[in-house]
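Please keep the model open while reading.

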8 protein chains.
Amino acid sequence: MNSNDLKFLLESVKNGVVDIDEAMENLADLPFKDLGFAKIDNHRELRVGYPEVIYCEGKTIDQVVKIIEFMLTKNSNILGTRANKEMYLAVKEICPEAIYNDLSRTIVIKKHEIQKPDTYIAIVTAGTSDLPVAEEASVTAEILGNNVITISDVGVAGIHRLFDRLDIIRGAKVVIVAAGMEGALASVLGGLVDKPVIAVPTSIGYGANFGGLSALLAMLNSCASGVSVVNIDNGFGAGYLASMINKL
Amino acid sequence: MNSNDLKFLLESVKNGVVDIDEAMENLADLPFKDLGFAKIDNHRELRVGYPEVIYCEGKTIDQVVKIIEFMLTKNSNILGTRANKEMYLAVKEICPEAIYNDLSRTIVIKKHEIQKPDTYIAIVTAGTSDLPVAEEASVTAEILGNNVITISDVGVAGIHRLFDRLDIIRGAKVVIVAAGMEGALASVLGGLVDKPVIAVPTSIGYGANFGGLSALLAMLNSCASGVSVVNIDNGFGAGYLASMINKL
Amino acid sequence: MNSNDLKFLLESVKNGVVDIDEAMENLADLPFKDLGFAKIDNHRELRVGYPEVIYCEGKTIDQVVKIIEFMLTKNSNILGTRANKEMYLAVKEICPEAIYNDLSRTIVIKKHEIQKPDTYIAIVTAGTSDLPVAEEASVTAEILGNNVITISDVGVAGIHRLFDRLDIIRGAKVVIVAAGMEGALASVLGGLVDKPVIAVPTSIGYGANFGGLSALLAMLNSCASGVSVVNIDNGFGAGYLASMINKL
Amino acid sequence: MNSNDLKFLLESVKNGVVDIDEAMENLADLPFKDLGFAKIDNHRELRVGYPEVIYCEGKTIDQVVKIIEFMLTKNSNILGTRANKEMYLAVKEICPEAIYNDLSRTIVIKKHEIQKPDTYIAIVTAGTSDLPVAEEASVTAEILGNNVITISDVGVAGIHRLFDRLDIIRGAKVVIVAAGMEGALASVLGGLVDKPVIAVPTSIGYGANFGGLSALLAMLNSCASGVSVVNIDNGFGAGYLASMINKL
Amino acid sequence: MNSNDLKFLLESVKNGVVDIDEAMENLADLPFKDLGFAKIDNHRELRVGYPEVIYCEGKTIDQVVKIIEFMLTKNSNILGTRANKEMYLAVKEICPEAIYNDLSRTIVIKKHEIQKPDTYIAIVTAGTSDLPVAEEASVTAEILGNNVITISDVGVAGIHRLFDRLDIIRGAKVVIVAAGMEGALASVLGGLVDKPVIAVPTSIGYGANFGGLSALLAMLNSCASGVSVVNIDNGFGAGYLASMINKL
Amino acid sequence: MNSNDLKFLLESVKNGVVDIDEAMENLADLPFKDLGFAKIDNHRELRVGYPEVIYCEGKTIDQVVKIIEFMLTKNSNILGTRANKEMYLAVKEICPEAIYNDLSRTIVIKKHEIQKPDTYIAIVTAGTSDLPVAEEASVTAEILGNNVITISDVGVAGIHRLFDRLDIIRGAKVVIVAAGMEGALASVLGGLVDKPVIAVPTSIGYGANFGGLSALLAMLNSCASGVSVVNIDNGFGAGYLASMINKL
Amino acid sequence: MNSNDLKFLLESVKNGVVDIDEAMENLADLPFKDLGFAKIDNHRELRVGYPEVIYCEGKTIDQVVKIIEFMLTKNSNILGTRANKEMYLAVKEICPEAIYNDLSRTIVIKKHEIQKPDTYIAIVTAGTSDLPVAEEASVTAEILGNNVITISDVGVAGIHRLFDRLDIIRGAKVVIVAAGMEGALASVLGGLVDKPVIAVPTSIGYGANFGGLSALLAMLNSCASGVSVVNIDNGFGAGYLASMINKL
Amino acid sequence: MNSNDLKFLLESVKNGVVDIDEAMENLADLPFKDLGFAKIDNHRELRVGYPEVIYCEGKTIDQVVKIIEFMLTKNSNILGTRANKEMYLAVKEICPEAIYNDLSRTIVIKKHEIQKPDTYIAIVTAGTSDLPVAEEASVTAEILGNNVITISDVGVAGIHRLFDRLDIIRGAKVVIVAAGMEGALASVLGGLVDKPVIAVPTSIGYGANFGGLSALLAMLNSCASGVSVVNIDNGFGAGYLASMINKL
């Protein structure tokens, strides 16, 4: 809406062509960023079933419970990430249908079903120890309304295990790879599949892995095209982005 | 196909139950990885018009010319990245329709048109100095068959410039953000658009930007969901991935 | 005391106008830096009500108590930072009016009121988890005699929340921004307000935030003018500097 | 302006109490961020004489000339930083009154005088080699309308040089310290003056200075209160912030 | 084997010129990578007595027990690295002959003897504190079927201790050096022995050893030829590689 | 030789049982480290044909020529690494049979043939740009007396290229892998071959490869066993170590 | 002793000019490094009273007790560094005169007095929190036989405290400075005293001190001459070196 | 000048024994730190022959000439470090007796001889490439009045070369070690000599030496006592400190 549009709208209000409520709705649809964003956000949630998300780490049990209590009033699905068991037990008291996942350390409260596209997201891990990160991605993608297939422990040290499962990976619309240590699986997969690959470096390893730096740098320098990277151990971010792409 | 399956197939060939062509097709469907991959690669190029790509940096002019000479026999489109003017002049002698882009330092040889989807890719830069990286992404996405709109110089120091162009960014199917220094634009855009955001940290800046590290870390730690990151100054990688997503 | 002053003093000694003891005292008051500084320091405290400050981390409970015991004899206000609850309980026994703030981990003992300027300091946080650092800044600025307004959880992932509170931020004389992860809020605010912005990177985040390094580098590389940076999690330093500026 | 205000305004338009131009002006004064910011920016420049600033590094001579050509139409003062001599010579052709400073590598075009406050900014350098950074700060602060006093080569290796000039430093409203190597001067000054100290780490040094990292970390970890830090070699940023504080 | 070969083989099967077993053997010799690797792996284990290895760190006791339970069905030797005592006690219940080594934190289950070559591996440590890493290497090399001689505490601070044992080190076919701090022993030994030296940087030290980085960089930059490096504290990797070389 | 041995030897000299020359030879064989090492070094060179090696980088042309002039008097083979063309031209004047290799930047002077073992060393590169490093390894291994087979451009982005050449790699006694960017080829090969793999990270790449750090960390963290690492771009070191292992 | 000397000696033995014992003594005086070093070491200890030193960190209580038990048989003074209280209590049972210092975490067993030179070592700390490191230096220097004066809490934030004590510092033969955070005290002192300054960076601080890196880099880049640096928190190393210099 | 001296001076003024000008001159001679330091510096130079030192890097030829021109008026010896040939040629025009050293890149102007102590400084280098740094140390120590013996190319890769020269190194009062790459020579020497060892890491090497970081960290983590470290390539600093110690 440019100045002319605005002038025309105001003239229409003056002339009675447009009534005040309609004008207000129109103005709310414009760059009233502060109000506007919130509204769009709300719309989006209602339409696609986006859950409310809380990052629980560094919050007190009390804070987590209060935030969820408020969210419950909005009747949306809820996802709590990096939550410990104590947080869950406290949440369960105000919401018995809350479900805790030990591996991914997530709390999920599902108020309504979300329509899922037919396509699926493949989540691939290099080793068993990368599973917690993969599971966080999986829980996130599922609560956002996606079918997910997880293929674990197909790291490059025994690359035949990967080839065994290549068809199912290639069938996905988007692929998440969680790998620690040297993170080579992202590049290998990037060269084998013709789909967007979201690489999640994990902090798995020791010594010169420097808390996930080795996998992070490896993935950023991937010689394969179509690979992008999220933060170390950021399963949630990978799942969220994969969902976005899967629903395009 | 395990040993038993294989034995049964060979017996069927012997018995004439299965003829040789059918058997060959069957065997070709298995994990003949070495041959298989190459074949698929070829198919893919023919089908979707993928160009041949050469990363020219660190190659001699002679090497670049010879590689392109060979590529020209395959009649596919060709993209040379990180090429200098001398390389281009040498290439032009064997291929007069080659086009050089000073800003992105790319050589493009277009042998045939590629069908483009109706959707478009938005490429957003924080500052004028990020344009070379953005242009590399743009040239890449275009030769891969995409409509691209570039919005430049909308960095967060004057955020109203961004809001001005928000509608056109939100209209894209996927967004590329190229930003150096503190790379904040990626997070801000990630919070404003509901599309996959591919963040390209650039090496623009000085001092404690440590060659792009500041923007890289900022983008990896983005508090906004839906943001993933490629290597510093990797316009090609961003353009390639954006094309993949735009064509889903 | 310049050369002329010195000459005059010596002449006064010669003439007997000033006796030797007085002259010695005078000379001791001059550029005898060691004594001089201390004196100025004391004056400053009396005049502007500067509190005594102890950084408690790494000190034993016993040491903290003894230091505060000594400070109490000087009747000035006292601020203990990075104090744990045990320290507080021990301090409370010798000074029942000591107040502990769980969030900022500060001990405050207020012996007299400090006159506050009419202007105020705005403290802005990107997320709820940055509150402890913000609170340390707030407690510091208040005991130094300032009005403080804290606006929390207005990070760039949902930038409309920030615009909602922009007027109050713009009304401040100086702004503190506490943000972790990618620390983008500092640059965004730096572009929106025409006041000195003190950026405090926090260690909030995980993985490639490397203990606050991501926010630190982002803030140092801010493309917005008027932004300067203090150490990671250094709420005290930000509050102290903001007070200095607010009282100019 | 909240919903009620908006409703009331529209009703006033309808009733003819407020005419359309007035209503448009009112709406433009609200959170129409995109328009609003630009306007405020313009106002600010007119009122306080803020110059237009171009960071020339990484731009072509042609780009620099074109940007300045456009700026000249607005009749404001102009500051170009990190400009080389060639840029200057090209600028001089379209604007003969442009002045180049070899040391600070700045281009200055002064169209009108700016009223300066009575207070001054002290710029202190540890060594002669830090002068280019100090000079960039100085030129910036002056074109922004400030009195500046530069005290150079008073590094801590011969601390008596500093004490000699302490009075003049203490007389400033805000102090900029530019130091490379171990950057100790910032902490020493921070302990000696009761004014905001803006520390600029410089890249002066070699070996384990890692391009200015040593001074940067030292300054961030300053044990003295009242010290904040800008990017390595960022004389402009320090000058800009000092001007902001000097004009409070 | 290309398509023609394959066609000819199948025709031969059909014609009875080649019988099915022969055909299967032929096909098995080709790039049936997925099956092939596993097969070779199995053969290798049977032939050379390679143990099954589990990296226990980051696994639950339950996971470790289940994996070992499965391994036991294959009757091969088993090596568990980075195992804690609790893991061992749980394993012992299902396999009483399991042996735990406190120093190396390994679980070993030896089902059959492995023939050892006459040559031996020398494992040399700089200090007593490097012994856990050396012991992990030693246990690994032994379960893989090698004679091992460990020479400890011969670091360069008292280099005469090293010369005393030089003959026994020179007699080995391959040498492992485990050293922390400045890791100088690797270079010194590399200059004194004419055998491959596998350097294991350890995390022993403090301060600027940055968790083993000092020894790692020192070893990578060794001025002596014949030295290669594995990850910090990676005794297992060194032992495995030494075994490979010792058996060449 | 302990004290008793020494006493007995001296008594034998006294008694004329052992003559002086024999005694001197005996004493020279003992821990006369200073003399002894040199002697052994000389012996080794004569026996196995080890060349003299000069690292030319950072030396003047004059220094290089003088060192080689001296070496020529000893009639051994000579290898100069990291030599530029100018150095070579100067060397050629005093030794016309010197050969320069543009790719590896080596000068080779072959005075006599060296007996080669039947086994061979495989040198594998991820990309064409890694060839200079591979060639340095190759030239080194050859002048040390080894058969070498180089397989280039088989990086993981198109892993089928690797499988195509796997047999020839597996046939080697020891494998060198030169790879830049994410260095994933080392891990993939480590999982596919049952031979020692010497990984050479190269500085090929840009941005977050940080001069070879990405490949270095990846290789150090390889999840495949049997992989060890030498310095970034250290083709010489890899070739030397491979020769050692190939000759065991 | 060169070949001629050796030949002459053997001939003298043969001729009876030199007897065997004398010859053996002569040979023992040569580069019999292994024996020789030990001998010299022993001599040194007896002569100057050097204590036996154990670095206790990372050793078990049992190991510490056994090592000290053995040392006690040699009747030398003993210094255990980085020892915890449990270690001390166990040591005390076998050696009741052992003394524990809580601050420096040292165990000292003094069997005999050491003659001290008249000069003294000054140990200066920036803050109270640096005292444990300073105390380790102090205890080390004292058991090695030196007079030590410790001046604490004279950091540069209040530089007058330092000037107050400058005379006593200048009177020392060698100065140790222990400082964390920005470590500026080392440079300031280096400029004020004309004696060797041994700088010990401490890990005191938080955030961007990165475990002592800030002080370490600052001290290495000191603009003052005469300053050298030991490892972070290495009080022992500083005390040992200071003793060496003090006794020159 | 203590209190008594001051009292006496003032009494003398009062009595007319000392006139005012003389008293002022006297007071200027005392602990008036600012003036005082400079004066003491002058005294020191006259007494011990300390040269004036200029760090030429980063200065213009003109600046260097002007500074030296001024220094020449004071008739002291002059040392210019990190000077290039052009600087020297310009200096030579105003001072024909200036001497340039190509290796160390120093300009030396010797106005008078300095008395040297009988003891000497040993400067030891690991390789030929470390010579420039060693030479800077040597030139510095000599102009400061010391006897220096340089022992070069005795790195640990051929440790017998070191033992050959050990006696001469042990005979020194203080030892400087210049080594790049892994810097192991510092630790080895630290274990072999009973004198202060000043370690200078050099930037010699490539790849993971990270500009001298590898040698720096190695030297800081030296397991040998008596070793301290100066900045990378800081030959001047080592020579200056060695001179201080040699003259104790």
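1. Chain A is split by the domain assignment into domain 1, residues 31-109, and domain 2, residues 120-246. This is a predicted model. Taken over C-alpha atoms, the centres of domain 1 and domain 2 of chain A lie 25 Å apart.

2. How many residues of each domain of chain A are in contact with the other? Domain 1 of chain A contributes 15 residues and domain 2 of chain A contributes 13. Together the two domains of chain A bury about 1,200 Å², and carbon and sulfur atoms give 67% of that area. On the domain 1 side of chain A, 39% of the area buried against domain 2 comes from Tyr50(A), Arg82(A) and Leu103(A), more than from any other three residues.

3. Between domain 1 and domain 2 of chain A there is 1 salt bridge. The side chains of Arg82(A) and Glu136(A) form a salt bridge, with 3.5 Å from N to O. There are also 2 residue pairs in polar contact between domain 1 and domain 2 of chain A, counting pairs with both residues at pLDDT 80 or more.

4. Which strands of chain A each supply at least two residues of the side of domain 1 that touches domain 2? They are β2 (78-81) and β4 (106-109) of chain A. The most comes from β4(A), which gives 3 residues to that side of domain 1. Sorted by class, the side of domain 1 of chain A that touches domain 2 holds 7 nonpolar, 6 polar and 2 charged residues.

5. The size of an interface is often given as the accessible area lost when the parts come together. For chain B and chain C the buried area is about 1,900 Å², with 72% of it on carbon and sulfur atoms. Within chain B, the residues that lose the most area to chain C are Glu182(B), Leu217(B) and Asn221(B), which together make up 30% of what that side buries.

6. How many salt bridges are counted between chain B and chain C? The count is 0. The interface of chain B and chain C does have 10 residue pairs in polar contact, with both residues at pLDDT 80 or more.

Technical notes. Residues are numbered from 1 along each chain as its sequence is written. Chains are lettered from A and ligands numbered from 1 in the order in which they are written. This is a predicted model: local features need pLDDT of at least 70, side-chain atom pairs count only at pLDDT 80 or more; totals for chains, interfaces and linings use all residues. Side-chain values use heavy atoms; hydrogens and water are left out. Domain bounds come from an automatic or database domain assignment. Contact means heavy atoms within 4.5 Å. Buried area is the accessible area (1.4 Å probe) that two parts lose on being put together, summed over both. A salt bridge is a side-chain nitrogen of Lys or Arg within 4 Å of a carboxyl oxygen of Asp or Glu. A polar contact is a pair of N or O atoms within 3.5 Å; within protein, one must be able to donate a hydrogen and the other to accept it, and residues adjacent in sequence count only if both atoms are side-chain atoms. Helices (H or I, at least four residues) and strands (E, at least two) are DSSP runs, numbered from the N terminus. Ala, Val, Leu, Ile, Met, Phe, Trp, Tyr, Cys and Pro count as nonpolar, Asp, Glu, Lys and Arg as charged, and the others, Gly among them, as polar.
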